[in-house]
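Hi there,

Here is the structure I promised to pass on. Have a look at it first, and my notes follow below.

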Amino acid sequence: MGRSRKYRKGRLCAMALAGLLLLALMLEIQIPVLGSANAQNTVPAIPVANDPRDDSSPWGVASGAEWFSDFPRFNPLLKTAGVRWLRGFYEWQIIQPKRGYFNWAVTDRLVADTKANAIHLTYTFAYFAPWASADGGTRTFPIKDMQYWRDYVSALVSRYHENIKYWEVWNEFNGSFAKNGTPAIYAEMVREASIAAKKIDPSAQIGMSVANFDVTFLDAAIKAGAGGHFDYICVHPYEKLNALADNGEVDFLAMARTLRQMLAANNLPKDMPLWITELGAQAPVNPEQQADTRQAIALAKGYLLAIASGFQRVFWFEARGPSYGHQTDHGLIRADFTLRPSYQALKTMIALLGPEPASVGWAKLGARGNGYGFVFSRGGQNILAAWAPSKQNLEIKFDTDIQVFDLAGTKKLLAAGQTMMLTDAPQLIINPPLSFVQEATANKDSPYLWGEDYEKANLVTSRLQADNAENGLRQINLDTTLAVVVGDQSWRRTDFSKHSSEGHYVYFAVAPQFIPFGTYEVEITAIVRRLEPAGVAGMSLDYESKSGYVNAGYLSIPQSDEWQELKWKIADANFVGQWGWHFRLNGIASPNEFSIKQVEVRKFISR
């Protein structure tokens, strides 16, 4: 649940902020506060087609705070790769260290440098200046006076509206950066920022932003008053990206549809732009081929799946990354400014797909139809991105000559009828045969199906064994359990020796078509037994509801050599996958480990 999050908590560490604040004070330029939003002059809206602040490119990169001031060095590298968008910001306390005065030195340099490198900048209103916060900090609510927030937003938009069009409200408000924050407070922050910004620049676009894929928080903030005061949605689905290593492609692809269902349920435009403003995977600080390759594969799949499913813009976190204490970081660029394979993978995709690729559709590949294929168009040229499921290789053939590129940009020519081997690393095929394009076009608006369609099913199951047999229910994070093989039989067991107590949990995700966005009544059954009849054991069930993740209560496993059924009846299941999973068996209170043979989810009625 928390593996990808805990490394990120330090990316805005106190030491980095203190250093930046000192720099701000040293360079302080005393400029009077511009006053309230009501006092600002407005500028006319600029048609998007002629707007120099905007384009249709999805290729973005984000930067954290620690090494953000290295932008003069990494921006030219991003430009060389073809990146068109940068997400980065200096905090409120840096640009307004004292009430009544602003220091624009660092932000002026940032805006000028991105413009010089032909990169669009998207900015985030965050966090508090200590003088504006009730507790004298930067991440604890409430604010002393909402007028301070309006003035801050107004000052930024007034100064930079000619260069910046897109503004996010806060960063991961639902996470660790807004202590005491609530959906209602966030709704007020969004509403006031939108009113202030649009009074100055009617074409300004305001984004709501959440950590992970927290659709529940977005839904609550909209209902609390944010509706009608934002123009795009931003998510940070790190856990969804991590799950791609365990064949989580369909869950990743379902995100856009889930967000649009939530928007429609709130009577908001279903075609509202969707952004991924942080997405990342870590790699060792020193070159390590296998781990570096895994990062490059994750990056490629993340961008390709996001663009294919309808996300307007995607930002890899991050450009140059610091280590978070485990000798790993998320950066495309290492600390010594050498380039990782992930940088080359991004550069290769942009070069081949073009600055503004259009999604044509998707296709099933291979004899069994379990290979992933996504067709994109660039002008009059079609490009097929293709890969195999995790830990599998697939053979495919084409009836025409083709050019194939790997993520390093290496080109290979294949004659018609020659076998091409697909692995889990995406490859790009230039001008694939028309049959692939036609299949992709026909599938474009259809649900993503690799396997069965579970929309009308009442039951999904997962048989846990050495190689799980899954029918609409998928165990994720398999490494929290161990496979037990006895003769021709196998099952899985918990492993309490795992670090951070992760071995006490068994995680699951249901097929997106089985339970889409909304509240459902379900029954979850776990077929389990003690490791030893005398070894007392049990578990509770954590599941995703309309209120977030909640616990359904503890059940003991009866003393027996036989497999036992434990059942939980749930009336408010809302499976969207905020943390990448929908429910988990929770053995944290169990005195001993236990075995799991099968898990089932039965659906009853939709509310």
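Contact here means heavy atoms within 4.5 Å. Helices (H or I, at least four residues) and strands (E, at least two) are DSSP runs, numbered from the N terminus, and axes are lines fitted to C-alpha atoms, for helices over the stretch in contact, with angles from 0 to 180 degrees between N-to-C directions.

This is a predicted model, where local features need pLDDT of at least 70, side-chain atom pairs count only at pLDDT 80 or more, and totals for chains, interfaces and linings use all residues. Residues are numbered from 1 along each chain as its sequence is written, and side-chain values use heavy atoms, leaving out hydrogens and water.

First, the sheet. Helix 12 (residues 341-353) lies across strands 12, 13 (381-387), 15 (402-405) and 18 (427-430), at about 55 degrees to strand 12. An open, antiparallel sheet of six strands has the order 11-12-13-18-15-16; two strands pair if DSSP finds at least two bridges between them. Strand 11 (358-365) and strand 16 (411-414) are at the edges with a single partner strand each, so one side of each has no neighbour in the sheet. From one strand to the next, the twist averages 25 degrees. Strand 12 (residues 371-378) is joined to strand 11 by seven bridges, and Leu365 sits opposite Gly371.

Next, Glu502. This residue is in the loop between strand 23 (489-494) and strand 24 (505-510). Glu502 is buried, at 11% relative accessible area (buried is under 20%, exposed over 50%, partly exposed in between; 1.4 Å probe, protein chains only). Its C-alpha atom is 9.7 Å from that of Gly587, 85 residues away along the chain.

Best wishes
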